[in-house]
Every structure is written in C-alpha cells, then in structure tokens.
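Please keep the sequence and the coordinates in view while reading.

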Amino acid sequence: SALESELLRALGSGEIQVHLQAQCDVSGRIVGAEALMRWQHPQRGFVSPAEFIPVAERSGLIVPAGEVVARQVCAVLLRWRHEPALAGMTVSINVSPGQIRDARAMQRLLDIVTEPGLPHGAIKFELTESVFVEDFRGVRERMAECRSRGIRMALDDFGTGFSSLSYLKLLPLDQLKIDQSFVRGLPGDAGAVAITRTIIGLSRELGLETVAEGVETAAQAEALLQLGCSTHQGFFYARPLPVPEFEALVRAPL
Ligand code: G
Ligand code: G
Ligand code: MN
Ligand code: NA
C-alpha cells in the first residue's frame with residue numbers, strides 16, 4: 001500500500017519520533033514513562049498510530065520501526081544518566097506480536113536495549129496477551145531471556161484478551177497494566193470497580209507491580225488509590241509528549 005511504502009521511507013528519515021507519557025506515583029511524582037511512536041509526515045502531517053501501527057504490523061515493518069523506537073529510548077536513557085532529576089526513570093517500550101514471534105528480530109532488539117552503559121532495569125517491554133495465543137512456550141522463553149538480560153516485562157491491556165488466568169503464574173512478569181476500559185468506569189460502575197479490585201489483588205498476590213492506564217480524572221485516581229494501585233498513567237497527569245517537553249515536565253512538575 002501507499003502508506004506502507006511511505007512508512008518504509010520514513011524509517012530512515014527521522015520522521016518517526018518517540019513521545020513519552022508519564023507514569024506517576026501516589027504523590028504525583030513522575031517515576032517513568034511509556035514510549036509511544038509518532039509519525040510526522042512532511043505532506044500528510046501527523047499520521048495517527050491507530051492508522052500506521054496496524055499497517056506496520058501487517059507488513060512486518062513493525063520490526064524496523066520498533067528498532068527505531070528502541071534506539072531513541074536508549075539514547076534518551078544514556079543522556080538522562082547525567083541529570084539527577086531524570087536518572088532514576090524507567091521507560092516502557094511496546095513490543096508487538098510480530099517482533100516477539102521472530103527470534104532474530106527479538107535478538108536484534110535485545111542487543112539494542114542492552115547497550116553498555118544503560119542503567120540496569122531502566123527498560124521494560126510491554127506485551128499484550130495476544131502474543132501468547134500462538135506460541136506460548138516460545139514467547140515465554142524469549143521473555144525469560146529478556147529478563148535475564150535486565151529487561152523488565154509488563155503485560156499491557158490486562159483483562160481484555162486471552163482470558164485464561166492459569167498462564168499468568170507461568171510467565172516471567174514484573175508488571176500488569178490495568179486496561180483503560182476498566183479505569184474509565186471508576187468510581188461509578190460497580191462492575192469496573194470489582195474487576196479493577198480483582199486485578200490489583202491478583203497482581204499483588206503474584207508479586208507484580210500494577211500500573212493503571214487511561215487515568216483521566218481526579219475521581220479515577222482517587223478510586224485507584226483506595227483500591228491499592230499507586231502507579232498511574234493517563235491524561236489526568238500528562239499526555240504523550242515530545243521528549244524535550246517530557247523532560248521539562250520532570251524538571252519542573254506542575
Ligand atoms: O497513543 P497511542 O495512540 O499512541 O497508540 C496507539 C496504539 O499503538 C497503542 O495500542 C500502542 O500500544 C501502539 N503503539 C504505540 N507506539 C508503539 C510502538 O512503539 N510499538 C508498538 N508495537 N506499538 C506501539
Ligand atoms: O495499547 P497501549 O496501552 O500501549 O496504548 C496506550 C494508548 O492509550 C495510546 O494510544 C495513548 O495515547 C492512550 N492513552 C494514554 N492515556 C490515555 C488517557 O488518559 N485516555 C485515553 N483515552 N487514552 C490514553
Ligand atoms: Mn502500552
Ligand atoms: Na494498554
């Protein structure tokens with residue numbers, strides 16, 4: 001497709017830039033970020049990830065695109081080492097099924113994110129439950145290898161996909177991310193409250209960190225705190241921002 005060939009060209013052009021969305025603790029302090037890919041096209045303008053990520057996944061271009069993101073994240077983390085306000089920060093990178101399924105692509109990605117000098121434990125990979133449908137054991141082994149090389153593993157959009165819970169205890173995981181569809185219903189929707197409470201309890205029992213996504217209001221943040229989830233991400237705290245704007249926000253919090 002036209003978009004596909006444009007994307008191939010864009011990968012070498014600098015048009016693909018990582019934006020960072022803050023993850024905050026109870027006090028509102030920024031403790032990390034999720035890296036989100038953005039495409040600024042010279043003629044089309046801003047191309048939405050909702051449009052180009054599916055194209056990248058179908059065409060296999062998600063592999064080189066993911067490498068562009070990983071390199072940018074590493075460059076940022078290397079720079080942050082020299083600035084105390086930024087030095088402790090973690091950054092999560094989304095990893096698509098097409099990246100983790102391909103063993104050689106996964107090796108290259110791991111080589112990028114284990115560059116010497118990067119702070120240990122600073123990088124997380126976010127996977128969605130859909131990656132386990134095809135090759136559970138293969139993916140589990142790759143996750144274990146990532147972890148043995150200092151990458152932390154998060155399960156994204158938790159509660160929306162592959163519904164068997166038995167797989168959770170079999171996976172080398174560090175974090176569950178509560179999907180925004182549950183957070184959206186807080187505090188009024190009793191079903192959303194029950195599901196959110198259950199995810200937080202499950203996560204705690206399994207020794208995992210819990211991050212809530214899509215926090216848009218003070219009332220949602222308050223409900224999450226009462227339910228025991230203290231790491232939050234969402235527009236209430238910050239939108240995904242270009243790296244310099246994210247850095248400015250960390251240096252001079254609102
Ligand atoms: O902000 P948002 O519109 O960025 O993201 C839309 C979708 O694109 C989300 O599902 C998000 O996980 C996905 N996405 C954003 N950036 C990346 C990336 O760098 N790699 C992959 N694989 N997915 C991404
Ligand atoms: O699928 P994944 O969880 O990786 O993607 C995160 C997506 O959620 C991105 O598209 C990001 O821009 C979006 N997002 C982040 N915070 C909020 C929020 O508070 N509300 C909404 N509606 N979307 C959000
Ligand atoms: Mn994500
Ligand atoms: Na999500």
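Two strands pair if DSSP finds at least two bridges between them; the strands (E, at least two residues) and helices (H or I, at least four residues) are themselves DSSP runs, numbered from the N terminus. This is a predicted model, in which local features need pLDDT of at least 70 and side-chain atom pairs count only at pLDDT 80 or more, while totals for chains, interfaces and linings use all residues. Residues are numbered from 1 along each chain as its sequence is written, and chains are lettered from A and ligands numbered from 1 in the order in which they are written.

Strand E6 (residues 152-158) pairs with E7 in the parallel sense over three bridges, and Ala 154 stands opposite Gln 175 in E7. E7 also pairs with strand E8 (residues 209-212), again in the parallel sense, over four bridges; here Ile 178 stands opposite Ala 212 in E8. In a regular strand the side chains alternate between the two faces of the sheet. Both faces of E7 are covered, with Gln 175 and Lys 177 buried on one side and Leu 176 and Ile 178 buried on the other. A residue is buried if 20 or more other C-beta atoms, placed from the backbone, lie within 10 Å of its own, exposed if 12 or fewer do, and partly exposed in between.

The largest nonpolar core has 64 residues, of which Val 73, Val 91 and Ile 93 touch the most other members. Such a core is a set of buried Ala, Val, Leu, Ile, Met, Phe, Trp, Tyr and Cys residues joined through C-beta atoms within 7 Å. Helix H3 gives the most to this core, with nine residues.

Among the residues around ligand 1 are Ala 35, Val 69, Asn 94 and Pro 240. Around ligand 2 there are 13 residues, of which Asn 94, Gly 214, Glu 216, Gly 234 and Phe 235 come nearest.

Phe 236 lies in the loop between strand E9 (231-233) and strand E10 (241-242). Phe 236 counts as partly exposed because it has 16 C-beta neighbours inside 10 Å.

Terms used:
Near = placed C-beta within 6 Å.
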